[in-house]
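Subject: Structure for you to look at

Hello,

Here is the structure I promised to hand over. Please open it first, then read my notes below.

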Amino acid sequence: MKIARIVAHRVELPLVEGAYKWSGGKSVSVFDSTIVGVETECGLVGYGEVCPLGPFYLPAYAEGVRAGIKELGPHLIGFDPRELAKLNCRMDAALKGHPYVKAGIDIACWDILGKATGLPVCLLMGGRFGESVRLYRAISQQPPDVMARNVAGYRAEGYTRFQLKVGGDPDQDIERIRQVRAILQPTDRLVADANTGWTQHEAMRVVRAVRDIDVYIEQPCLTYEECLAVRRHTDHPFVLDENVDSLDMLLRARSDLAMDVVNLKISKLGGLTRTKQVRDLCVSVGIAMTLEDSWGGDVTTAAIAHLAHSTPEELRFTSTDFNSYVTVSNAIGAPQRELGVMRASNAPGLGVEPRREVIGPRVVEVS
Ligand code: MG
C-alpha cells in the first residue's frame, strides 16, 4: 500500500458561545481548522484534523498547517501509510520540528491502518478501557459570577469536570476559583488553568489564597522553572501543559516530580504515534493525563476519543468534546457527548467521514 496523494481542506469553526477567551486577553471567535486527507493508490483514504488555538497559544498557526503539508507532503508520496513508526521517522528527517504539521498526516495514516485492518483505532492503540471517556468543559474567561453561572449550566448538561480559564488579574482569579467551587459537589473536579498567564509571585499569591479549596492548578507560569517553583510551594494537585511538548520534557518533569497530571495534546506532540509513546510512558510511571488537542471539530474529537478510550481509566484524568463547542459539524460518525461522557467509535479507523459540503474544495494537493 502506497500514499498517492495528500490533500488539505480549510474549515471555519465558529463558537457556540461566540468567543473563547483565556489568559492575557487572548480570544478566538472563529477557529481555522484543517482537514487532512491521505489517499492511497488502492483507493483507501484516511483523515486527520489540526486546529491550533489561534496563532498565539503554542508555536503553531492555521496557515502553517497547510504550508507545512506542501513542504512535507512530497517526501511521503510512495510510502506505506500503515508503517507508522517508519512514516514518522521519514517526516522527522524531511522537516525538523513543526509537530503540528505532522499531526494531521499521522492521524490520517492511523485512520488508514484501521480501515485496512477493519479495526477501530482505539483497539490498534492498545484496547478499549472501560465503557466511556469522562469529559471536562473548558470555561471561557469571564467575570467570576458569569463563569459560575456557565459552570452551573454545563453541570446541568452532565459535565462533572471543569477547567476554568484563569491567568488574568490574580485577585479576580481567586474570586473565580472561589465562586465556581462553591456551586460544585465534592465529587466534581475543578481545574484552574492559567495558561502561562501569571508571573511567579502572582501564582504564589493565588495558590496560597485558595489553599482551603479543592482545585487543581494548571500551567500557572510561562517557563518550566517558574512552574516548578510554584509546584514546590503548594499542595494542590498540579498539572503541566504548555511546557510538556516532547518526550524529553516529560522525562525531565517526571524526574523533578513537577506534576501530578500532564496535559497531552495530539498536535502539540506531533500526532497519535508520538502521543501514544508519551501516553504509554505516563501509564508505566503512574502520571495521570488530560488527553485532548489544542482545538478542532468532529475529526479531532474522534481522534481524542480513540486516544483516551485506549488509556487505562485510572490514569485518564479528562478529555474534552470539542465538536460540542462549535456550530459546524465537519464529519459524520464522530462521538457525541452523553451525560458528560463520550465513546470511541467501533467502526474501522477513526469512524468518521468528512462532510463534503462543509469541508469545501482542496486548498492543498500534493501528489
Ligand atoms: Mg491547559
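Charges first. The chain has 42 positive and 46 negative side chains, with Lys and Arg counted as positive, Asp and Glu as negative, and His and the chain ends left out. The centres of the two sets lie 2 Å apart; each charge is placed at NZ of Lys, CZ of Arg, CG of Asp or CD of Glu.

Some ground rules. This is a predicted model, where local features need pLDDT of at least 70, side-chain atom pairs count only at pLDDT 80 or more, and totals for chains, interfaces and linings use all residues. Residues are numbered from 1 along each chain as its sequence is written, and side-chain values use heavy atoms, without hydrogens or water.

Now the fold. The chain holds 13 helices and 18 strands (DSSP runs, numbered from the N terminus: H or I of at least four residues for helices, E of at least two for strands). The C-alpha trace spans about 60 × 40 × 35 Å along its principal axes. Of the 367 residues, 59% are buried (under 20% relative accessible area; exposed is over 50%, partly exposed in between; 1.4 Å probe, protein chains only).

Look at helix α2, residues 84-94. Which of its residues are buried? They are Leu-84, Leu-87, Asn-88 and Met-91. Seen down the axis, the buried residues of α2 fall within an arc of 100 degrees, so they line one face of the helix (the arc uses directions from the helix axis to the C-beta atoms). The face turned away carries exposed Ala-85, Cys-89 and Ala-93. The cover over the buried residues of α2 includes β1 (3-14), α1 (62-72), α3 (99-117) and α11 (272-285), by contact (heavy atoms within 4.5 Å).

Best wishes
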